[in-house]
Amino acid sequence: MSDTAAGPASKRVFIDKQSPKAYHALTETAQAVRAVAADAGLDRTLVELINLRVSQVNGCAYCLNVHTRAALRAGETTQRLGVLAAWRDTELFTARERAALALAEAVTEPANAAVQQSAYDAARQALTDDEISAAIWVAITINAFNRVSIMSKHPVRLIPQQ
């Protein structure tokens with residue numbers, strides 16, 4: 001007997017619910033990374049820009065939804081959020097933000113050594129060692145959450161306008 005698209009084979013396991021100890025460890029890591037980022041001087045908007053850019057690269061709708069709202073709450077503008085996917089083609093981002101975004105992309109797609117080195121070199125010019133470390137940890141952590149949500153197919157639900 002074969003499963004249809006609507007049958008049991010298409011139902012995804014929400015791995016965060018199926019393996020709560022592992023997911024809890026990941027959320028504890030995220031809390032530690034937020035503290036490291038704050039201690040390093042990365043403001044919340046920059047952290048959310050990293051979260052969003054990585055989620056764009058990975059195509060994680062759930063994390064894009066969550067972190068767009070978080071970025072807006074942190075004071076990010078809709079204009080900058082709207083052009084984030086093309087951040088290299090605008091003057092809306094500071095050198096520091098651009099360096100962090102390039103580094104986040106290099107973490108997300110590390111196979112190209114030349115791109116990775118270029119991003120790291122730019123980061124060395126614009127960020128402190130603590131900021132580089134924090135930005136990399138933010139990117140690593142959101143990459144992990146992206147994979148949890150993508151593989152679980154976490155749904156994005158419409159939020160009614162206030």
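Predicted model: local features only at pLDDT ≥ 70, side-chain atom pairs only at ≥ 80, totals over all residues.
Let's start with Arg 80, which is buried, with a relative accessible area of 12%; here buried means under 20% relative accessible area, exposed over 50% and partly exposed in between, using a 1.4 Å probe and protein chains only. Residues are numbered from 1 along each chain as its sequence is written, and side-chain values use heavy atoms, with hydrogens and water left out.

Arg 80 and Glu 97 form a salt bridge, with their closest N and O atoms 2.8 Å apart. The term stands for a side-chain nitrogen of Lys or Arg within 4 Å of a carboxyl oxygen of Asp or Glu. Arg 80 belongs to helix H5 (residues 78-83) and Glu 97 to helix H6 (residues 95-108), so the pair links distant parts of the chain, 17 residues apart. Helices are DSSP runs (H or I, at least four residues), numbered from the N terminus.

In one of them, the side chains of Glu 105 and Arg 88 meet at 2.7 Å, N to O. Glu 105 lies in helix H6 and Arg 88 in the loop between H5 and H6, so this pair ties together parts 17 residues apart in sequence. Glu 105 is buried at 12%, whereas Arg 88 is partly exposed at 45%.

Another joins Arg 96 and Glu 131, whose closest N and O atoms are 2.8 Å apart. Arg 96 sits in helix H6 and Glu 131 in helix H8, so parts 35 residues apart in sequence are tied together. Is Glu 131 buried or exposed? Glu 131 is buried, with a relative accessible area of 9%, while Arg 96 counts as partly exposed at 24%.

## The largest pocket

A pocket is an open set of points on a 1 Å grid over the protein atoms alone, where a 1.4 Å probe fits and protein lies on both sides within 12 Å along at least five of seven lines; lining residues have an atom within 4 Å of a point.

The largest pocket is lined by 20 residues, and Ala 30, Arg 34, His 67, Ile 142 and Phe 145 lie nearest its centre. The largest share of this lining, six residues, comes from H8.

Key: Helix = DSSP H or I, 4+ residues; strand = E, 2+ residues; numbered from the N terminus.
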